[in-house]
Amino acid sequence: MIVLEKFLANVVREIVNPLILLLAAVAFVVFVWGVFEFVLHAGDETKRAEGKRAILWGIIGLVIIFGAYGIINLALGTFNLPFI
């Protein structure tokens, strides 16, 4: 059982945490890209709509990613599992 716990801890530390960080970075880049499109193409309604859509999806992505991270940490704290 201890071997399994160590294996899962290593998987979370080496794979899951960097993956969450990468997804958060991608969502933030999408958000910033949308802001730039929205501001730089203020006269073009289609580009503004694309910028709004990118902003919306960036925010949705960030909320989902950080929400999942918070729920995981809440579950770990509730069941007295070690935070990794």
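This is a predicted model: local features need pLDDT of at least 70, side-chain atom pairs count only at pLDDT 80 or more; totals for chains, interfaces and linings use all residues.

User: How many helices and strands does the protein have, and what makes a helix here?
Analyst: The secondary structure comes to two helices and zero strands. Helices are DSSP runs of H or I with at least four residues, strands are runs of E with at least two, and both are numbered from the N terminus. The helices are α1 (2–40) and α2 (45–78). Ala42 falls in the loop between α1 and α2.

User: How do you know how the radius of gyration of the protein sits against a compact globule?
Analyst: A compact globule of 84 residues would come out near 12 Å, but the protein has 18 Å. The radius is taken over C-alpha atoms, and the globule rule is 2.2 Å times the number of residues to the power 0.38. The C-alpha trace spans about 60 × 25 × 10 Å along its principal axes. As an example of spacing, Thr46 and Ala9 are 37 residues apart in sequence and 47 Å apart in space, C-alpha to C-alpha.

User: What makes a set of residues the largest nonpolar core, and which residues are in it?
Analyst: A nonpolar core is a set of buried Ala, Val, Leu, Ile, Met, Phe, Trp, Tyr and Cys residues joined through side-chain atoms within 4.5 Å. The largest one has five residues: Ile20, Ala24, Ala27, Leu62 and Ile65. Both α1 and α2 give two or more residues to this core, and α1 gives the most, with three. Contact means heavy atoms within 4.5 Å, and Ala27 touches Gly58, Gly61, Leu62 and Ile65, leaving aside residues up to four places away in sequence.

User: Which residues form the nonpolar patch on the surface, and why is it called a patch?
Analyst: Its members are Leu19, Leu22, Leu23, Val26, Val30, Leu56, Trp57, Ile60 and Ile64, with about 840 Å² of accessible area together. It's called a patch because its residues have over 30% relative accessible area and no salt bridge, with nonpolar side chains (Val, Leu, Ile, Met, Phe, Trp, Tyr) joined within 5 Å; like charges would be joined within 9 Å. Helix α1 supplies the largest share, five residues, and Leu22 is found in that helix. Accessible areas come from the Shrake-Rupley method with a 1.4 Å probe, and for residues only the protein chains shown count as cover. The protein exposes about 6,500 Å², with carbon and sulfur atoms supplying 78% of it.

User: What makes Glu14 and Arg13 a salt bridge?
Analyst: Their closest N and O atoms are 3.7 Å apart. A salt bridge needs a side-chain nitrogen of Lys or Arg within 4 Å of a carboxyl oxygen of Asp or Glu, so this pair qualifies. A search of the whole structure finds one salt bridge. Glu14 has a relative accessible area of 54%, so it is exposed, while Arg13 has 41% and is therefore partly exposed.

Methods:
Residues are numbered from 1 along each chain as its sequence is written. Side-chain values use heavy atoms; hydrogens and water are left out. Buried means under 20% relative accessible area, exposed over 50%, partly exposed in between (1.4 Å probe, protein chains only).
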